[in-house]
Each structure stands twice: as C-alpha cells, then as structure tokens.
Amino acid sequence: MASKTSSKPAATKPPASPVKTAYLVLYNFASAVAWSVVLGRVLAVCALRGPQFAYAAAGEWTKWTQTAAALEVAHSLLGVVRAPLFTTLTQVSSRFLLVWAIVDSFPFLATSPLYSSMLVAWSVTEVIRYSFFALSLSGWQPAALTWLRYNTFFVLYPIGITSECALIYLATVPAAMRNPVEPYILYAALAIYVPGSYMLYTHMISQRRKVLRAQKARAGKAQ
C-alpha cells in the first residue's frame, strides 16, 4: 500500500517539564551515590577482610538501596520516563527476589563469594547507569560515560546473572527445610531467569545499537 502524504506539519515533541527534569536528575544522582557506597564498601571489605564479610559491610545498605528502585516501576507506569514497563518490572522484581527472599531470609548465603560478585556487578552497572542519566538530563553526556554505559553490560550482566542464579539455587536447600513448597518456587524463578535474562540482554544490545547509530549520524553531519 502506498503511503499517504499529509499537508499537516509534523508534531513537535513538547518540552520536558523543568520540575520533572529536576526530580529525575536528583533521583538519578542520589541513586548513583547510594550505589557508589555499595561498591566502595564491598571492594574495601573484600580487600581487607575477605568476601565473607561483604554482607556485614553492605548488606543492609544494598537491600534498602535496591528497594528504593521500586520507584522506577512507578516512573515507567506513570509515564515519567519512557522505559518499557515489563522490562523494568522484570529487572526490579528479580533484584527484590535476591535481596529479600534469598539473602534477607538466608543471610549465611551471603558469605559466599557469589554474593560479592553479584554486588560488584550490580553496583558498577548502577553507578554508570544513574550517572549517565543524571548527566544526560543535565545536558551533559561525556563520551567516556556513554561508552561505559553501552559496553560494560557485555561483561557485567553475565557476572551478575550467573551469581544471582547460583544464589537462588543454593537457597533451595534451606528453603526446603522451612517449607517443602519453597524450593519449587525457586526452581520456577530459575526457569524464568533464562528468557528474562535474554530479554534484558537483548534490550541493552538494541539500546546500544540505537545510540551508536545516533552517534554515527551526528558525526556524519559534523563533517
């Protein structure tokens, strides 16, 4: 079918509300600082005392920092940001599973190096992501930060996802002692992780492709 032309001018995107922009800058800046604390504490305690002390150093802070990310689901649901609701909900809910249902219920699991590797992957990812959004909303987009945002996930996502899945699997043993049904719930969660992880990973690859295409277009115009 041939496309129809219209004499109407293309709709222009309305300018963002200054209040909304200020709120998002503040939210992203505060989140970047909070995850920087997690990263600093985990790296320091692992270097000085060992990964078995990571939970004592950063467990509670991580739990509440991640809990605050529930706001991101509300942001997507209310249209404050353009992030896909299902993707956001999937990522936030999987993190909630780890910090509340797994580690908070069975804190001895956090003595495993898997917990430390998970927190390092999470915190590096989030420091980069929130810093990127805070600066972008402020009108500044450093090239180095853009590169980190759209390249480090190739390494950090597999580390984080592998650590998460291993901790969930380890939790099936103490969960069975508490309730014989709980291990099956955790096995179901692991089954969901495969398509869920693929969705999140391919979403980032798609976003990376869009950003690189936009950068290439801008470079071509500048020549």
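The legends below describe close-up views of a predicted model.

**View 1. The protein chain as a whole is built from 8 helices and 0 strands.** Helices (H or I, at least four residues) and strands (E, at least two) are DSSP runs, numbered from the N terminus. The C-alpha atoms fill a box of roughly 70 × 45 × 35 Å along the principal axes. Of the 223 residues, 38% are buried (under 20% relative accessible area, 1.4 Å probe, protein chains only). Contacts (heavy atoms within 4.5 Å) with a separation of 6 or more join residues 24 or more positions apart in 75% of cases.

**View 2. The largest nonpolar core has 31 residues.** Such a core is a set of buried Ala, Val, Leu, Ile, Met, Phe, Trp, Tyr and Cys residues joined through side-chain atoms within 4.5 Å. Leu98, Ile102, Tyr115 and Ile168 have the most contacts inside this core. At least two of its residues come from each of helices H1 (18-48), H2 (54-67), H4 (85-104), H5 (113-137), H7 (153-178) and H8 (182-222).

**View 3. Surroundings of Ile168.** Neighbours within four places in sequence are left aside. The remaining contacts of Ile168 are Leu97, Leu98, Ile102, Leu186, Leu190 and Tyr193.

**Notes.** Residues are numbered from 1 along each chain as its sequence is written, and side-chain values use heavy atoms, with hydrogens and water left out. Local features need pLDDT of at least 70 and side-chain atom pairs count only at pLDDT 80 or more, while totals for chains, interfaces and linings use all residues.

How values were computed: Buried means under 20% relative accessible area, exposed over 50%, partly exposed in between (1.4 Å probe, protein chains only).
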